Amino acid sequence: MLCMCVSVVQAADVKNVRIWLAPDHARLVFDLSGPVEHKIFTLKKPDRIVLDVSSSSMSANLSKLSLAKSPITQIRKGKNGKQLRVVLDMKRSVRPKSFVLKPNQKYGHRLVVDLYDETAKPKVVKKAVYRPKSTGKVRDIIVSIDAGHGGDDPGAIGAGRVREKDVVLAIAKDLKKLFDSTSGYKAVLTRKSDYYISLRGRTKKARQQNADLFVSIHADAFKDARAKGASVWVLSPRGASGEVGRWLARKENSADLIGGVGSVSLEDKDDVLAGVLLDMSMTASRADSRQVAGNIHKNISKFARMHKPSVEQAGFVVLKSPDIPSLLVETGFISNPGEARKLKTRQYQRKMAQAIHRGITSHFARKPPMMTYVAEAQKSKKSDTTRVYKVVRGDTLSVIASRNGVPLKKLRAANKLKNDRIRIGQVLNIPSS
């Protein structure tokens, strides 16, 4: 395999090398003093990746690079004529992808090498087949929690070098724990540790998880350190109409599907019908997004200053799923020293997670998706007949009986239990008292 990437040739120095580990690949980032040309190729028996960088030298200390959990056993450097040659000795066969990045506000020139595991089984995409959320069985409400930035993208950096990517991942994990202990909910993280996912990749993960809601967590920044306040965002009308156009333009060659308007695909629809279906789906998801966002805005305002008095709108890419209600929470201005101090404390992070959790659960308590435990519980309350309850961590049968005002003996009988042993995830019938 051979890949060529061309830019202006000039002497450059590799000043630093960083590594990031994601579930499906490892990323090496070479920090450069200037632009370079490079080529990359693989060698077998043993598996190696060879990177030749034009007219360059390396001052980075490779011995400090942690390779323990990566597919790389060691990194060697040398000279191939006037070129810097970097050899990666691999534990197994990988598929490399390389590219250069121009300077931005945080970094200078960079050369990026992504190493994808070839032993991983490829995902099979079935064309024009939608996996519906409703399978005829009662299910959990699925919430996709997205911690912004990650890996080589730290996001905003505040006073005391507190990094946005660290703060929002901590809040995301706290939020997941809250949902994991809430009956009828399942939370999934778009990233579980410190690695980068593309913006479209984040919404793609939410769709693969059949999420009922997508919430992206960030911490704002501004050039003026006096700027302050949390904010909650939903997709703007202009952003929504632009996304409808994007989906229509690529529908014939896309396996992306819409589940919000009756579990249908776009591929076999003419442009008019596809446009109507997309518009209906986007309208419904935006309405739900605004309702949840309003709840969260109100909850956060009880303990934090808000940047604006109401929910705001923008065309953020992560909010553009036509079939999934989506919102973005800016937890505060990390560029403000006072808010940065709060955001890096575990107490404030948990408080922020609790506000988001209450906003989401209060919405679904009023408007639960069909065939979910929450929806079935609502039906049971209205009809005053047998209800269902999903056991969560810390529950005991006697506590569940007491909480629901049901005699323990009657609860045992309703579920044909011989003793008081229950397991996490077990669904119990709660008889009327």
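Two strands count as paired if DSSP finds at least two bridges between them, and the strands themselves (E, at least two residues), like the helices (H or I, at least four), are DSSP runs numbered from the N terminus. With that in hand, strand 3 (residues 25–32) and strand 10 run antiparallel and are joined by 7 bridges.

This is a predicted model, in which local features need pLDDT of at least 70 and side-chain atom pairs count only at pLDDT 80 or more, while totals for chains, interfaces and linings use all residues. Residues are numbered from 1 along each chain as its sequence is written, and side-chain values use heavy atoms, with hydrogens and water left out.

**Confidence**

The pLDDT is the predictor's confidence in each residue, from 0 to 100. The protein chain averages 82, and 81% of the residues score at least 70. Residues 4–9 fall below 50, and that stretch has 15 contacts in the model beyond near neighbours in sequence (a contact means heavy atoms within 4.5 Å). Residues 124–132 are also below 50, with 14 contacts beyond near neighbours in sequence.

**Around strand 10**

**Helix 2**

Helix 2 covers residues 199–208, and its buried residues are Gly201, Arg202, Thr203, Ala206 and Arg207. Just past the end of helix 2, Asn210 takes a positive phi of about 55 degrees.

**Empty space**

Rolling a probe the size of a water molecule over the atoms shows where empty space is left. Here that's done on a 1 Å grid over the protein atoms alone: a cavity is a set of points where a 1.4 Å probe fits but cannot get out, a pocket is an open set with protein on both sides within 12 Å along at least five of seven lines, and lining residues have an atom within 4 Å of a point. Grid points are joined across faces, edges and corners, and a volume is the space filled by probe spheres set on the points. For the classes, Ala, Val, Leu, Ile, Met, Phe, Trp, Tyr, Cys and Pro are nonpolar, Asp, Glu, Lys and Arg are charged, and the others, Gly among them, are polar.

By this rule there are 2 cavities of 30 Å³ or more.

| Space | Volume | Lining by class |
|---|---|---|
| Largest cavity | about 50 Å³ | 5 nonpolar, 2 polar, 2 charged residues |
| Second largest cavity | about 30 Å³ | 3 nonpolar, 4 polar, 1 charged residues |
| Second largest pocket | about 720 Å³ | 14 nonpolar, 7 polar, 10 charged residues |

The lining of the largest cavity includes Trp20, His25, Asp152 and Tyr195, and strand 2 (12–21) and strand 3 each supply at least two of its residues. For the second largest cavity, the lining includes Leu235, Arg286 and Ile324, and helix 4 (residues 271–300) gives the largest share, 3 residues.

The second largest pocket has 31 lining residues, of which Lys106, His149, Asp153, Gly155 and Ala156 lie nearest its centre. Strands 9 and 10 turn up again here: along with helix 2, strand 13 (213–220) and strand 16 (326–333), each supplies at least two lining residues. Strand 13 contributes the largest share, 4 residues.

Notes. Buried means under 20% relative accessible area, exposed over 50%, partly exposed in between (1.4 Å probe, protein chains only).
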